[in-house]
Amino acid sequence: MRRFRAWKWRGWQYLTKQVQRERTRATNAQVLEARRLFDKADTNKDGVLSEAEFAKLMRAHENTDYTDGELAELFRSVDIDKSGTIEFSEFLQMQLKRK
């Protein structure tokens, strides 16, 4: 999958085109909060969330007790490109749909 990147000032780093489209619907605060959560959950700093990192994040920041099956299903629904990992653009879409 080819990625297009664009440089943005004011604290924005390289954002994919998809994130730029989502940013038009989101406030800066929402995007920054999503980035903060994503970076905190990305413990190995590879730029994507594994299923284990995602499960840990959801258990820590949600008020709902998810079962392992529910978390696996949620992970698959958020992983739009079916790569087996969640990229920031996919995570941002999930966060914006939940708000």
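How many helices and strands does the protein chain have? The protein chain has 5 helices and 2 strands; these are DSSP runs (H or I of at least four residues for helices, E of at least two for strands), numbered from the N terminus. The model on display is predicted, and local features need pLDDT of at least 70, side-chain atom pairs count only at pLDDT 80 or more, while totals for chains, interfaces and linings use all residues. Residues are numbered from 1 along each chain as its sequence is written, and side-chain values use heavy atoms, with hydrogens and water left out.

**The whole chain**

Please begin with the complete chain in view. From the N terminus on, the order of its elements is β-β-α-α-α-α-α. Of the 99 residues, 38% are buried, where buried means under 20% relative accessible area, exposed over 50% and partly exposed in between, with a 1.4 Å probe and protein chains only. Among contacts (heavy atoms within 4.5 Å) with a separation of 6 or more, residues 24 or more positions apart account for 44%.

**Helices α2 and α3**

Select residues 28-41, which form helix α2, and residues 51-61, which form helix α3. Their axes come within 9 Å and cross at roughly 125 degrees. Such axes are lines fitted to C-alpha atoms, for helices over the stretch in contact, and the angles run from 0 to 180 degrees between N-to-C directions. The two helices are therefore oblique to each other; angles under 35 degrees count as roughly parallel, over 145 as roughly antiparallel, 65 to 115 as roughly perpendicular and the rest as oblique.

Leu37, Lys40 and Ala41 in α2 meet Glu53, Leu57 and His61 in α3. These residues divide into 3 nonpolar, 1 polar and 2 charged. In this division, Ala, Val, Leu, Ile, Met, Phe, Trp, Tyr, Cys and Pro count as nonpolar, Asp, Glu, Lys and Arg as charged, and the others, Gly among them, as polar.

Keep α3 selected. Which of its residues are buried? In α3, the buried residues are Glu53, Phe54, Ala55, Leu57 and Met58. What covers them includes α2, α4 and α5.

**Helices α2 and α5**

The axes of α2 and α5 come within 10 Å and cross at roughly 125 degrees. That makes α2 oblique to α5, and this crossing is right-handed. On the α2 side, Gln30, Val31, Ala34, Arg35, Leu37 and Phe38 take part, and they meet Phe88, Phe91, Leu92, Gln95 and Leu96 of α5. The contact comprises 8 nonpolar, 2 polar and 1 charged residues.

Not counting residues up to four places away in sequence, Gln95 touches Ala34 and Leu37.

**Phe75 in helix α4**

Turn to helix α4, residues 68-78, and select Phe75. Phe75 is buried, with a relative accessible area of 3%. Leaving aside neighbours within four places in sequence, Phe75 is in contact with Leu49, Ser50, Glu51, Phe54, Gly84, Thr85 and Ile86. Of these, Ser50 is 25 residues from Phe75 along the chain, and their C-alpha atoms are separated by 9.0 Å.

**Salt bridges**

Finally, display the charged side chains. The count comes to 3 salt bridges, each being a side-chain nitrogen of Lys or Arg within 4 Å of a carboxyl oxygen of Asp or Glu.

In α2, select Glu33 and Arg36, which are 3 residues apart and so separated by about one helical turn. Their closest N and O atoms are 2.6 Å apart. Both are partly exposed, Glu33 at 33% and Arg36 at 41% relative accessibility.

Also in α2, Arg35 and Asp39 are 4 residues apart, again about one helical turn. Their salt bridge has its closest N and O atoms 3.3 Å apart. Arg35 is partly exposed at 28%, as is Asp39 at 34%.

The tour ends at Asp68 and Arg59, whose side chains meet in a salt bridge of 2.4 Å, N to O. Asp68 is exposed, with a relative accessible area of 59%, while Arg59 is partly exposed at 43%.

Terms used: Left-handed = near helix turned anticlockwise from the far one by under 90°.
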